[in-house]
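Subject: Structure for you to look at

Hello,

Here is the structure I promised to pass on. Please open it first, then read my notes below it.

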Amino acid sequence: MSTASSRYIFAILRLISTAEQPLSATEIGRTLDLSTTTAHRGLMTLERAGYVARHQLSARYVLGRMSRRLLQSFFARFALHGFAIPYMRQLAIATGETVSLCVQVGWYAVRIASVKGTKEIIHTGPVGEVRDLDDGLAGRALLAFLPEAERQRFLAARGRAPSPAGRRALDAALAEARATGVATEASAAQPGWAAVAFALRSGPDAAVGAIAIEGPVLRLGGRKRGAEWTELAATVAQMEALIRANPARFDNPYGHLDPAAIELPSVTARRSGCSGGAERRRPAAVRRAPRD
């Protein structure tokens with residue numbers, strides 16, 4: 001296989017992996033500036049290898065079994081993945097909301113695990129979703145625990161240096177998250193309440209991951225926090241105590257790499273059409289099917 005053909009096949013795979021719906025050869029060709037014949041040939045190669053599959057036997061394609069295996073292998077590299085799942089289930093049961101685990105890879109927050117809530121309407125994104133660090137609660141919880149010089153590098157590398165007012169707002173949000181260990185975002189669906197993301201701190205100035213509760217669980221406005229919040233905070237504190245007891249176990253397997261050298265297909269860049277200036281949007285509400 002030539003270098004040129006390898007590149008377009010990988011481009012097809014990257015496009016399918018970030019698409020929000022199944023894609024046809026025609027759509028892939030149009031997006032990547034390939035002929036439909038070339039796109040179809042690339043799809044056949046990927047399908048034979050198991051990296052893509054036909055969606056419900058149609059002429060549209062989604063990721064196949066091999067891609068899913070690679071994704072699971074990626075998740076398994078993080079000791080935090082298996083460790084956090086039982087605690088995430090506790091949090092999902094206690095709140096009824098979806099609970100996600102995100103880690104930093106380069107300048108991105110990657111969702112590596114998710115436990116669905118029990119409420120009829122839930123806020124969620126797919127496992128494997130990639131966002132820039134300043135796009136979303138979990139990312140901001142991670143960004144808060146980067147050294148100041150690294151935060152500046154991130155903003156410069158992603159072309160996202162905010163306006164003076166935006167910078168002040170970002171600095172204030174990160175300072176609060178750093179002081180409390182919790183990033184918050186006001187809920188549009190339930191005024192006076194916020195969704196939260198807990199930084200999982202391995203030390204005073206470092207976080208190995210973030211646990212996001214993707215629904216309104218925290219009262220705003222300085223009101224007294226109730227027993228439910230105390231239970232959530234206690235669960236996260238228990239996780240942190242175990243992480244701090246053996247921080248080397250939870251080292252990021254990609255932490256030795258220069259973040260600027262890692263390029264991932266982020267939702268942020270895809271929404272904006274570039275690497276910077278992305279529009280901020282809340283995750284879409286998904287109505288769950290009624291139970292039998």
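In which hand does α7 cross α8? The crossing of these two helices is right-handed. Keep in mind that this is a predicted model.

**The chain as a whole**

The protein chain has 292 residues, and 45% of them count as buried. It contains ten helices and eleven strands.

**Helices α7 and α8**

Back to the pair from my question. Helix α7 covers residues 148-157, and helix α8 covers residues 164-180. They pack at an angle of about 140°, and their axes are 14 Å apart. That angle makes α7 oblique to α8; an angle has to be over 145 degrees to count as roughly antiparallel. On the α7 side, the contact involves Glu 148, Arg 151, Gln 152 and Leu 155. They meet Arg 167, Leu 170, Leu 174 and Arg 178 in α8. By type, the residues of this contact are three nonpolar, one polar and four charged.

**Helices α2 and α3**

Now go to helix α2 (residues 25-32) and helix α3 (residues 36-48). Their axes come within 8 Å and cross at roughly 115°. So α2 is roughly perpendicular to α3. This crossing is right-handed. Ala 25, Thr 26, Ile 28 and Gly 29 of α2 make the contact with Thr 36, Ala 39, His 40 and Leu 43 of α3. Sorted by type, the residues of this contact are four nonpolar, four polar and no charged.

**Aromatic rings**

How many aromatic pairs does a search of the whole structure find? It finds eight. The cut-off for buried is under 20%.

There is also a cluster of rings. Ring pairs link Phe 74, Phe 75, Phe 78 and Tyr 254.

**Ala 76**

Find Ala 76 in helix α4 (residues 65-76). Ala 76 is exposed, with a relative accessible area of 58%. Then find Ile 112, which is 36 residues from Ala 76 along the chain. The C-alpha atoms of the two are separated by 9.0 Å.

**A loop with positive phi values**

Last, look at the loop between β2 (52-54) and β3 (60-63), where Gln 56 is found. Leu 57 is in the loop between β2 and β3 as well. Why look here? Most residues other than glycine have a negative phi. Gln 56 has a positive phi, near 50°. The phi of Leu 57 is positive too, near 60°. Neither residue is a glycine. Gln 56 is exposed, with a relative accessible area of 69%. Leu 57 also counts as exposed, at 83% relative accessibility.

Best wishes

Terms used:
Residues numbered from 1 in each chain as written. Predicted model: local features only at pLDDT ≥ 70, side-chain atom pairs only at ≥ 80, totals over all residues. Heavy atoms only, no water. Axes fitted to C-alpha atoms, helices over the stretch in contact; angles between N-to-C directions. Helix = DSSP H or I, 4+ residues; strand = E, 2+ residues; numbered from the N terminus. Parallel < 35°, antiparallel > 145°, perpendicular 65-115°, else oblique. Left-handed = near helix turned anticlockwise from the far one by under 90°. Contact = heavy atoms within 4.5 Å. Nonpolar A, V, L, I, M, F, W, Y, C, P; charged D, E, K, R; others polar. Phe/Tyr/Trp six-rings, centres within 6.5 Å; stacked < 30°, edge-to-face > 60°. Buried < 20%, exposed > 50% of the residue type's maximum accessible area, 1.4 Å probe, protein only.
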